[in-house]
Amino acid sequence: MKIARSIGAILVGGVVLTGCTNFVGAAESNLIPVKDLSQEKLLAMSERTLPSVKMTTNDKLLAEMNTLRSKLVMSQGSSLHKQVAFTFDDGPDTHFTNQVLDILKKEGVPATFFLCGNNVKAHPEVVKRIDQEGHSIGNHSWNHPQLTKKDQATINQQITSTNDVIKNVIGKTPTLFRPPYGAFNQGVRDKVQQLNMKVILWSVDTLDWNHKSKDQIMEAYHKEFKPGGIILQHSSGNEGLKETVKALPEMIRDLKSKGYSFVTVDKLIGIKAYQ
Ligand SMILES: [Zn+2]
């Protein structure tokens with residue numbers, strides 16, 4: 001039995017797992033793309049057939065990233081990566097969104113903004129700023145309805161019109177979709193899949209839209225955050241978001257002190273932010 005570690009591959013019961021070519025197979029004619037195997041399957045193959053060879057952290061990460069990429073709906077990245085993705089919903093406006101952008105710029109932190117189409121139309125200059133400063137832009141519907149209460153035509157229109165207005169402003173069509181209130185059904189799934197997009201939820205809900213204090217926002221963050229986390233905050237809404245702006249530098253400081261790197265959601269899950 002051969003163990004080809006030097007090229008990032010392992011031989012498991014006559015099957016080669018390789019991080020280089022992304023294929024699994026005993027012979028070239030019998031190759032199975034790694035992306036077609038779930039993380040559970042890869043781990044089971046490793047542990048069942050070759051107990052003496054443990055998958056390295058890199059092997060596990062590769063398998064986990066492949067599993068993530070194959071999903072339509074996700075709420076966090078790999079727990080093996082010390083990464084975090086900030087997300088800011090409902091913008092842009094010309095007040096809080098710019099304050100959030102100022103902090104992110106000062107701290108050198110990229111984030112993902114899930115924007116509503118009507119706000120994109122009203123404040124294109126802020127959308128351009130978000131894009132130019134290296135953040136990713138996702139679709140958060142046109143005007144924030146609960147899509148599960150809408151018919152298919154409305155669901156389709158809410159998603160496509162927002163993609164269109166974002167493309168008009170930055171020249172790129174998003175792949176990331178966050179449904180308002182995190183509410184989605186088969187109709188939403190179907191449209192998202194048809195448009196080659198992903199449903200992005202979150203693993204930490206700061207509830208900052210609901211008039212939380214800076215300390216309450218930090219408490220939610222400390223309680224819920226784990227490696228690979230996607231943190232939900234808002235960059236447009238009521239005056240309570242001044243607390244989001246206060247909490248943000250403190251959250252960034254805490255994550256930096258713990259050695260986390262900040263990434264956009266697309267990087268966290270290993271896909272492209274735009275079509
Ligand atoms: Zn929202």
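Colleague: What percentage of the 275 residues of the chain count as buried?

Modeller: Buried means under 20% relative accessible area, exposed over 50%, and partly exposed in between, with a 1.4 Å probe and protein chains only. By that rule, 52% of the 275 residues count as buried. This is a predicted model, in which local features need pLDDT of at least 70 and side-chain atom pairs count only at pLDDT 80 or more, while totals for chains, interfaces and linings use all residues. Residues are numbered from 1 along each chain as its sequence is written, and side-chain values use heavy atoms, with hydrogens and water left out.

Colleague: How many helices and strands does the chain have?

Modeller: Helices (H or I, at least four residues) and strands (E, at least two) are DSSP runs, numbered from the N terminus. The chain has ten helices and 13 strands.

Colleague: Which residues coordinate the zinc ion?

Modeller: Donors are N, O and S atoms within 2.8 Å of the metal (3.2 Å for Na, K and Ca); water is not among the atoms, so sites may look incomplete. Here Asp90 (OD), His140 (NE2) and His144 (NE2) coordinate the zinc ion at 2.0 to 2.1 Å.

Colleague: Is Asp90 buried or exposed?

Modeller: Asp90 counts as buried because its relative accessibility is 17%.

Colleague: What span should helix 6 have?

Modeller: The expected span of a helix is 1.5 Å times one less than its number of residues. Helix 6 (residues 152-170) has 19 residues and should therefore span 27 Å, which agrees with the 27 Å between its end C-alpha atoms. Just after helix 6, Gly171 adopts a positive phi of about 75 degrees.

Colleague: At what angle do the axes of helix 6 and helix 7 cross?

Modeller: Axes are lines fitted to C-alpha atoms, for helices over the stretch in contact, and angles run from 0 to 180 degrees between N-to-C directions. These two axes come within 10 Å and cross at roughly 45 degrees, so helix 6 is oblique to helix 7. Angles under 35 degrees count as roughly parallel, over 145 as roughly antiparallel, 65 to 115 as roughly perpendicular and the rest as oblique.

Colleague: Which residues make the contact?

Modeller: Contact means heavy atoms within 4.5 Å. Helix 6 contributes Gln152, Ile155, Asn156, Ile159 and Thr160, and helix 7 contributes Gly187, Val188, Lys191 and Val192. Of these, Ile155 and Ile159 are among the buried residues of helix 6.
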